[in-house]
Amino acid sequence: MSDERGPSDAGRGLGLDPERLTRLLIRLGPTFIKIGQFLALRPDVLPQEYCDELLRLVDRVPPSPWPEVREILREDLGEDPKRVFAYFSEQPLAAGSIAQVHLAETHDGEEVTVKVQRPNLPARIKRDLRKLRLLARLLKVSGVAPYISPQELLDELERWLKQELNFTKELHSHTRMYDEMAGEGDVRVPRPFPEYSGARVITSEHLHGVPFSELIRAARRGDFERIERMGYDREALATRLIQSALHQIFRLRFFHADLHPGNIIALEGNVIGLIDFGLTDVLDPTVERVQSDYLAALYSDDIYGMYRAISQIFVPGEDTDAEAFRRDFFTETNRWLTMLEDSQADGFVRSPTAGYMVRLMRLARVHDMRPPISVLSMYRTLLSSESVAYHLRSGANLRDVGRDFFKGLQLERALEGYHPDRVLGWLMQLNELARSGPGNFQQLLADLSEGRYVLSVRSLESEQGRRHANLRALLIALAVVSMSFALLLTLTAGQTGTGARVLQWVLWPLLFVVYVWMAVIWRRLR
């Protein structure tokens, strides 16, 4: 196994303990706060204590001045916001690194939140990214981040920021998520208002509730009674959050990819409210199937099934040693299984499964094996959901919730095969086989006996390849003939008539000859 010395050691060597790093990012401004939020959701890059501290950055951004915000609203909505809306609060409801949110009311009486992008943000981010690229080169030389190339991390961060700046795409993602989740009772997405939105403005229904960031602060203080007085059940909220993440990924194949506490609201009845859809992702059906197989094997402790699936997910690089990865994979997985046996169900202890997934991602990087971007996004979403559950001091975790989820998912997929339309198709095929099968079989025997059976093969291979193709075609034909002879022998078995005995006397030698012929062809093909 590779050296476990991580970024924490290097970070402390530079004097950057978690608290000092967090304060530094706050001083550097919105772009760097966003970087901190990004890193908070990447325990495969930073140690968990850094991620936990950086998670505090979700609502620590000073707002932009009202005159600058009003100018953006005028440009995007066509006139002053206080004319567009019946009421508009100049004081922001919340302020993030990319945008801030104001409470408003439409002339139809709808209470809405208006998300406004910060002024001159694209230019500022571009300037800050240039500084970060210089820092990335210094980090590469210093070896501070052994689990991932600083340049690779910066490229991923740049993709993240560009996606969040695209409010037109975010509105589309928001609308899609609203439609997809419309029937969910435990999770709610606010209704979007495209008519009050623009290139830098998104308006949506206002959800009345408490941000998870506030609940987490109370849980960290141990003030659980306050959360109960608000009417919330930490266990129910945490479980539903993880269930929703799994549902979005493996049923919808479209998911919220930025589940930090500032984007999750606790609503009445322990309903989860999801907001801010600047980061969403889609899983390709093939990748989803393989990843689903992997997680199903993980939750049933099937080590070999896990390895088969993970080998199909990660893409080997130039420096990949497949055998070394396989060896380290089984070592790490056996260690995880041992931890599972030793761990106790305690709401104040992290799930060994989340830690195992983090170490697996790091192991892949050590062996130069890269997952597709959507898979990395999926892992980040699942780990974020459990991290939030942990900070709520709940007992919900990926292993327990995931095991129940995948049992239900496998049952659903098995039952899909018995959909009335599919069953009807099967019955029609069986009826057609029963009706036409005997006649087709008699025709096949007649063609074979009279030498009329022809198997057409078209090949664009070499002469040797064509000869092999012809031999394979002949082998298939002989297999069909042998099956026919065997079927006739089965049908005449036990019959005592003269005709049956003569037919058996003829068929047994013929079947022997066919099998010998097939064995010769098989040997030539090898």
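**Entry 1: a pair in a sheet**

Which residue in strand 10 is the bridge partner of R188? I looked it up, and the partner is G273. Before going on, I noted that this is a predicted model, where local features need pLDDT of at least 70 and side-chain atom pairs count only at pLDDT 80 or more, while totals for chains, interfaces and linings use all residues. Residues are numbered from 1 along each chain as its sequence is written, and side-chain values use heavy atoms, with hydrogens and water left out.

Strand 5 and strand 10 (residues 271–274) run parallel and are joined by 2 bridges. I needed the rule here: two strands pair if DSSP finds at least two bridges between them. Helices (H or I, at least four residues) and strands (E, at least two) are DSSP runs, numbered from the N terminus.

I then wrote down the whole sheet: it is open, has 4 strands in the order 5-10-9-7, and its pairing is mixed. Strand 5 (187–188) and strand 7 are the edges, each with a single partner strand, so one side of each has no neighbour in the sheet. Helix 10 packs on this sheet and touches strand 7, strand 9 (264–267) and strand 10, with its direction at about 65° to that of strand 7. Helix 12 (residues 234–252) lies across strand 5, strand 9 and strand 10, at about 55° to strand 10. For these entries, contact means heavy atoms within 4.5 Å. Axes are lines fitted to C-alpha atoms, for helices over the stretch in contact, and angles run from 0 to 180 degrees between N-to-C directions.

**Entry 2: N263**

Where does N263 lie? I found N263 in the loop between strand 8 (254–256) and strand 9. N263 is buried, with a relative accessible area of 3%. My note on the term: buried means under 20% relative accessible area, exposed over 50%, and partly exposed in between (1.4 Å probe, protein chains only). Leaving out residues up to four places away in sequence, N263 touches H256, D258, G273, L274, I275 and D276. V58 is 205 residues away along the chain, yet its C-alpha atom and that of N263 are separated by 8.5 Å.

**Entry 3: the largest pocket**

N263 turned up again here. The largest pocket is lined by 36 residues, and A94, V101, G262, N263 and I275 lie nearest its centre. Among the elements giving two or more residues to this lining are helix 3 (30–40), strand 3 (99–105), strand 4 (111–117) and strand 6 (201–205). The pocket holds about 830 Å³ of space. Grid points are joined across faces, edges and corners, and a volume is the space filled by probe spheres set on the points.

By class, I get 14 nonpolar, 13 polar and 9 charged residues in the pocket lining. Ala, Val, Leu, Ile, Met, Phe, Trp, Tyr, Cys and Pro count as nonpolar, Asp, Glu, Lys and Arg as charged, and the others, Gly among them, as polar.

Strand 3 and strand 4 run antiparallel, with 7 bridges, and H102 stands opposite V114 in strand 4. In their hairpin, which has 5 residues between the strands, G109 takes a positive phi near 90°. Strand 4 also runs antiparallel to strand 6, with 5 bridges. V114 has T203 as its bridge partner in strand 6, and K115 stands opposite I202 there. How many residues of strand 6 are buried? I got 5 of the 5, so strand 6 is largely enclosed by the rest of the structure. Strand 4 is mostly covered, with 6 of its 7 residues buried.

**Entry 4: two helices**

The axes of helix 2 (residues 18–28) and helix 3 come within 6 Å and cross at roughly 145°. L25, I26 and L28 of helix 2 meet F32, I33 and G36 of helix 3. I sorted that contact into 5 nonpolar, 1 polar and no charged residues.

Conventions: On a 1 Å grid over the protein atoms alone, a cavity is a set of points where a 1.4 Å probe fits but cannot get out, and a pocket is an open set with protein on both sides within 12 Å along at least five of seven lines; lining residues have an atom within 4 Å of a point.
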